Amino acid sequence: MATASPAADGGRGRPWEGGLVSWPPAPPLTLPWTWMGPSWGQHPGHWGFPALTEPSASPAASLGIFEEIIEFPILKLNGRTMEIESTFHMYVQPVVHPQLTPFCTELTGIIQAMVDGQPSLQQVLERVDEWMAKEGLLDPNVKSIFVTCGDWDLKVMLPGQCQYLGLPVADYFKQWINLKKAYSFAMGCWPKNGLLDMNKGLSLQHIGRPHSGIDDCKNIANIMKTLAYRGFIFKQTSKPF
């Protein structure tokens, strides 16, 4: 899911990475289950760049909504084996500006045919909830937390779009681990270029296409696996809402 902010990481329209972790503790980690995701593609310029300079031009501008989520993948990772156990991956039909821009397609690899006729964000969020229930991760005895590549996705983007569309935000989206912060704690340096810098710093090969949501999730999982095997203990980095 994410960059610290669109401007800080080089522009809007990027797919944003994220994940979820749950416990009680189990060696060698304190978090035996990790979900990577959601990582979502963004449809850039939904309200156009003029809205940046004229924030009163539309209701969405006041909410900071300049993109819509168009990809929503989640990976469930076993914290003992650090292997992927389950995958949730759906494309999302944008509703405010249904037509993808050429820039969006060039950046993410997502073409118009991949989102046409797909479920709306509301429907996708309902299916996420069903998937989590099926995986046993809504059990009150199982604690869980998302892992994101930055704070932007769950702090700003998802709640902002849900607010604009009049959708509730599930409680499990309200706490997370920012992988950039975790990496900086473990390695002593800030990954300015996100996943690319973290992979480079850990001598890992980048998986798939940059800015592909599902590939970003796979990279997050690989980075977490490497840090965990080095003995790093992941802790929540977000502040309570």
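A disulfide is a pair of cysteine sulfur atoms within 2.5 Å. A search of this whole structure, which is a predicted model, finds zero disulfides. Residues are numbered from 1 along each chain as its sequence is written, and side-chain values use heavy atoms, with hydrogens and water left out. Local features need pLDDT of at least 70 and side-chain atom pairs count only at pLDDT 80 or more, whereas totals for chains, interfaces and linings use all residues.

**Confidence**

pLDDT is the predictor's confidence in each residue, from 0 to 100. Its mean over the protein chain is 75, and 72% of the residues reach 70 or more. Over residues 1–18 the pLDDT stays under 50, and the model has 88 contacts beyond four places in sequence for this stretch; a contact means heavy atoms within 4.5 Å. Residues 20–65 also have pLDDT below 50, with 195 contacts in the model beyond near neighbours in sequence. Where pLDDT is low, the predicted coordinates should not be read in detail.

**Elements and burial**

The protein chain has nine helices and eight strands. These are DSSP runs numbered from the N terminus: helices are H or I with at least four residues, strands are E with at least two.

Of the 241 residues in the protein chain, 52% are buried. Buried means under 20% relative accessible area, exposed over 50%, and partly exposed in between (1.4 Å probe, protein chains only). The accessible surface of the chain, by the Shrake-Rupley method with a 1.4 Å probe, comes to about 10600 Å², and 56% of it belongs to carbon and sulfur atoms. Among contacts between residues at least 6 apart in sequence, 70% join residues at least 24 apart.

| Residue | Relative accessible area | State |
|---|---|---|
| Cys104 | 0% | buried |
| Cys149 | 1% | buried |
| Glu71 | 1% | buried |
| Pro240 | 73% | exposed |

Glu71 is found in strand 5. Its C-alpha lies 8.6 Å from that of Ser212, although Glu71 and Ser212 are 141 residues apart in sequence. Pro240 is in the segment after helix 9 (213–229); the C-alpha atoms of Pro240 and Gln175, 65 residues apart along the chain, are separated by 6.9 Å.

**Nonpolar cores**

A nonpolar core is a set of buried Ala, Val, Leu, Ile, Met, Phe, Trp, Tyr and Cys residues joined through side-chain atoms within 4.5 Å. The largest has 22 residues, and Phe72, Phe88, Leu125, Val128 and Phe173 have the most contacts inside it. At least two residues of this core come from each of strand 5 (71–78), strand 6 (84–91), helix 5 (121–134) and helix 6 (152–165). Helix 5 gives the most, with six residues. Another core lies apart from it and has 20 residues, among them Met82, Ile177, Met198 and Ile220.

**Helix 9**

Helix 9 has 17 residues and reaches 24 Å from its first C-alpha to its last, close to the 24 Å expected at 1.5 Å a residue; the expected span is 1.5 Å times one less than the number of residues. Because 13 of its 17 residues are buried, helix 9 is largely enclosed by the rest of the structure. Just after helix 9, Gly231 takes a positive phi of about 100 degrees.
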